Amino acid sequence: MSILSVPARSSTASDRLGLVLIFLAVTAANLAKPFHIDDAAHLEIARWIAENPFNPMSGTLNWAGIDEPIHRANQPHLYFYLLAGWGVLFGFAEIPLHLMQALFALAAILLFHRLATRIAPPHALALTALLALGPAFLVGQNLMVDVPLLALWLAFFLCLTDVDAASQTRRFLGAAAFCAAACLVKYSSLVLLVVLAAGIVLEGRWRQAWALLVPVGVLAAWSAFNIADYGSIHLFDRPADHDRVSRLYDVAMAWLATLGGVLPLGVLAAAVWLGRLRVPTLLVFGAAGAALLALAGLVLAGQVADIQSDVMLARAFKVNGGLAALAVAVALAGRAMEVARIRGVGDLSALLARREVLIDAYLLLWMVGTSAFYLLFSPFVATRHVLLVLPAILLLLGSRWRDATAGRAFAQAAAFAAVLSACLAVSDWRFAGFYRDQAAAVADSLPEGSRAFASGHWGFQWYAAQAGMPQVDVRGEALRPGDLLVVATGVDHQPIEREIETSLVAVRTSGPDPWSLFCTARTARFYASGELGPWSLSRHCSHRVEVLRIDRVGEPLRLPAPASEGVRPAG
């Protein structure tokens, strides 16, 4: 039996058709989308690697207002090497690179479906649709590392949950290999190393303990490569957040709001519970959808202000996330009650020999370990962080809720999530598209021979550079009177740290946009969520670019912050 074998039912023809349709929808949402958010940093790193493969971290990147070494960025480089190789072969344009991303999306879809077939076979397709058509997956693809990372995580857990594998050595070797690869894509994958070690201990697989040497050895080799490249170990150079504990409650609330904002898991739980009391599940989802539609209509009509809708949505997100957490707790409590009735409960090894108990233990480690890592170590909470814990939640709920009522609820939740994703995907595409289009339009409008610098990161940074407007160094050392400064005010950018006088030459704005009512912008909260949650309803989801002429350049206002304090890491 292969380490990726599935001992449950195989896919039906309808499942295969459903998976194809899910993949096509996911790919269509991203294929021609403009580069966005951290894509620009990833592209710059990939282009450097293409020319300097043996010194990947020795180049420079302006991602906090000044040119700094690439090793100040937050992630290891395996995915960037793949981007570099693919870009060299097919070009660094949107469609070719998004086709590469689509391969990872396909892998994630198929791997999760196989996991769901193993753990929650009655709902495998509905669970896959709920994950892949939800906003965290579908909207958040872009060119970032998180969908490829998710695929590696799913492969890891597909190996680890194959508890009946004929070859335990191959099982743990496969898990170790995927753990190692994931650690070279994002350091949050160190969680998998802990889970792998816990699995060896829980199952008493001491003969396979050597598998831990695979990810440890890969990380050691990567660290040695770092030393040869730039003289330090990248894993240990990550900026520390010394004030994290005091802000833990706020971060936890942001995590809960983000969880509640990306999937209707709380509504799903309510539908299942009420459905068993003979309340139609469709009625529950219909009520939730009607409430959201009513609020959207009031915001669009100007009857509810943005700040009011923000508060109402934040409360709804937290209630939805809280109900999801309660559903997980109830599911685990149900398993614990079953365990308590097992004869020989004091014999841990006999208990863990039960396949379903062991798989639940792995799902629990997945959920708790991932959540704890991001709550304690991530500089912010984002939908892409929550994405990594969603499969475990869905699999746990799917394994406990196996009746027809739950089946209807899962399907209806997937439809709800798909409609929400469509609204957010249109808005996010327009968010990215505005700054792509304006970079080219502004460059074309500038007087011939003028020097222009861009101020604004994310996708705008990439497109502005392609249009001949390099990112400004905020120290302003290169600025001269007569230069033009093109400021994307709606994206992350830093003020110039020098006395300058400017004149406004032109303003370009997207204006009110009903297609962006479901707004992912407004501080790009979809990609860095706070307690308000990952998206908003707003008539003012607009974007702005200003063209300024430098009239006078004076003295520095202050010294630039040290790199350890001044970097806002990509990712």
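Is valine 505 buried, partly exposed or exposed? The close-ups below, taken from a predicted model, begin with this residue.

**View 1. Valine 505 in strand E5.** Valine 505 counts as partly exposed, because its relative accessibility is 45%. Strand E5 covers residues 498-509. Setting aside neighbours within four places in sequence, valine 505 is in contact with Leu484, Val547, Leu548 and Arg549. Threonine 12 lies elsewhere: its C-alpha is 62 Å from that of valine 505, and 493 residues separate the two in sequence.

**View 2. Helix H11 packs with helix H16.** H11 spans residues 248-262, and H16 spans residues 355-377. Their axes are 9 Å apart and meet at an angle of about 130°. That angle makes H11 oblique to H16. The crossing of the pair is right-handed. H11 brings Leu248, Val251, Ala252 and Trp255 to the contact. H16 brings Ser371, Tyr374, Leu375 and Leu376. Seven of these contact residues are nonpolar, one is polar and none is charged.

**View 3. Helix H12 packs with helix H19.** H12 runs over residues 265-275, and H19 over residues 404-445. The angle between them is about 155°, with axes 9 Å apart. Angles over 145 degrees count as roughly antiparallel, so H12 and H19 are roughly antiparallel to each other. This crossing is right-handed. From H12, the contact uses Leu268, Ala271, Val272 and Gly275. From H19, it uses Thr405, Ala406, Ala409, Phe410 and Ala413. By class, the contact of H12 with H19 holds seven nonpolar residues, two polar residues and no charged ones.

Key:
Residues numbered from 1 in each chain as written. Predicted model: local features only at pLDDT ≥ 70, side-chain atom pairs only at ≥ 80, totals over all residues. Heavy atoms only, no water. Helix = DSSP H or I, 4+ residues; strand = E, 2+ residues; numbered from the N terminus. Buried < 20%, exposed > 50% of the residue type's maximum accessible area, 1.4 Å probe, protein only. Contact = heavy atoms within 4.5 Å. Axes fitted to C-alpha atoms, helices over the stretch in contact; angles between N-to-C directions. Parallel < 35°, antiparallel > 145°, perpendicular 65-115°, else oblique. Left-handed = near helix turned anticlockwise from the far one by under 90°. Nonpolar A, V, L, I, M, F, W, Y, C, P; charged D, E, K, R; others polar.
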